Structure formats: structure tokens, C-alpha cells
Amino acid sequence: MIINIKDTKELNKLNADKKKNNWLVWYYADWCGHCHMMKDEWEKLEKSKPNVNLARVSDKFTSDEDEIMGYPTIKLFVKKNEPIIYQGSRDMNSFKDFLKENIKVKKAKKSKKVKKVKKVKKKSKKSNKTK
């Protein structure tokens, strides 16, 4: 799920869901130059559909509880654990590496059953040759 917090109702949903699911949250400010420079990379991350929920939270919707010391701030909320503050480079590949290091992804079990495929031979048409 990808959300861009635009009102307090969405913010309340995010805050409740952060306790149940994994979320990578980008706290940003419209006046922040670093946030503007990072925006394209964040959008690439959104388009790549990572195995985590993504949220953008404007400084208009942050509170003291968020403990934001500066912008941009990125925090990974892994279910009931304390948030992990991202401190790496501000590019999509670095974000993905951070997620791989901090979230255990359950891989789908591959079926051991192998389907047997019958090979169908094409019947060739015999041409009638006349001498």
C-alpha cells in the first residue's frame, strides 16, 4: 500500500496500522531542499512496488510523538518493534538495500510437483508426387 497523508483521518489510519504491518515512512517538508532532491528517488521506490507499505507524511501532520529532528526523515516501522531510522543515501537502490537488511521477507514455497508436458508431434502432410 502506498499513501500520501493529506488529512488527519489518513494519519490516524497510518498510526494504527504501523503497529500491525511494516511501513517505510518518509517525513518531509515542502520548504526542504533535500526533500525536493529526494522526491524522484522516492517515487522510483513507489513504482518498484517493494514488499513494504510506503507513506509520505508532510510536516503539517507530524507531532512530537513522531520525534522528527530534521527533514527528510525516513523511518521503518516493523510491526510492534521500535522504528528504525534510515541514515543511508537518498536513492532507490539504497532504500531497497535497507529494506532487505531490516525486513525478513517470506518467500513463497515452490511446489515440488512437476507438471508432465506431453510432446505432441506434428503430423506432416505427405505430398502426392506424380512422375
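Contact here means heavy atoms within 4.5 Å of each other. With that rule in hand, look at Lys18: leaving aside neighbours within four places in sequence, Lys18 is in contact with Trp23, Val25, Tyr27, Asp66, Phe77 and Lys79. Keep in mind that this is a predicted model, where local features need pLDDT of at least 70, side-chain atom pairs count only at pLDDT 80 or more, and totals for chains, interfaces and linings use all residues. Residues are numbered from 1 along each chain as its sequence is written, and side-chain values use heavy atoms, with hydrogens and water left out.

- Lys18 sits in the loop between helix 1 and strand 2; helices (H or I, at least four residues) and strands (E, at least two) are DSSP runs, numbered from the N terminus.
- Lys18 counts as buried because its relative accessibility is 9%; buried means under 20% relative accessible area, exposed over 50%, and partly exposed in between (1.4 Å probe, protein chains only).
- The C-alpha atoms of Lys18 and Asn81 are 9.7 Å apart, though 63 residues separate the two along the chain.
- Asn22 is found in the loop between helix 1 and strand 2, and its 15% relative accessibility makes it buried.
- Skipping neighbours within four places in sequence, Asn22 touches Val52, Asn53, Phe77, Val78, Lys79 and Ile103.

- Leu11, Leu14 and Asp17 are the buried residues of helix 1.
- Seen down the axis of helix 1, these buried residues fall within an arc of 130°, so they line one face of the helix; the arc is that of the directions from the helix axis to the C-beta atoms.
- Here's the general idea: an α-helix has 3.6 residues a turn, so residues three or four places apart point the same way.
- On the face of helix 1 turned away from the buried side, you'll find the exposed residues Thr8, Lys9, Asn12 and Lys13.
- Strand 1 (2-4), strand 2 (23-28) and strand 3 (53-58) are what the buried residues of helix 1 pack against.
- Asn15, also in helix 1 (residues 8-17), counts as partly exposed at 28% relative accessibility.
- Asn15 and Asp66 are 51 residues apart along the chain, and their C-alpha atoms are separated by 10.0 Å.

- The buried residues of helix 3 are Met92, Phe95, Phe98 and Leu99.
- Those residues cover an arc of only 125° around the axis, which puts them on the same side of helix 3.
- Facing away from that buried side of helix 3 are the exposed residues Lys100 and Glu101.
- Cover for the buried residues of helix 3 includes strand 2, helix 2, strand 4 (73-77) and strand 5 (84-85).
- Helix 2 (residues 33-47) and helix 3 (residues 92-102) pack at an angle of about 55°, with their axes 8 Å apart.
- Met38, Glu41, Trp42, Lys44 and Leu45 of helix 2 meet Met92, Phe95 and Lys96 of helix 3.

- The peptide bond from Tyr71 to Pro72 is cis, with omega near -5°, and Pro72 is in the loop between strand 3 and strand 4.
- Glu67 is in the loop between strand 3 and strand 4, and its phi is near 50°, a positive value in a residue other than glycine.
- Lys49 isn't a glycine but has a positive phi of about 50°; you'll spot Lys49 in the loop between helix 2 and strand 3.
- Lys49 is exposed at 66% relative accessibility, and Glu67 is exposed with a relative accessible area of 58%.

Methods:
Axes are lines fitted to C-alpha atoms, for helices over the stretch in contact, and angles run from 0 to 180 degrees between N-to-C directions.
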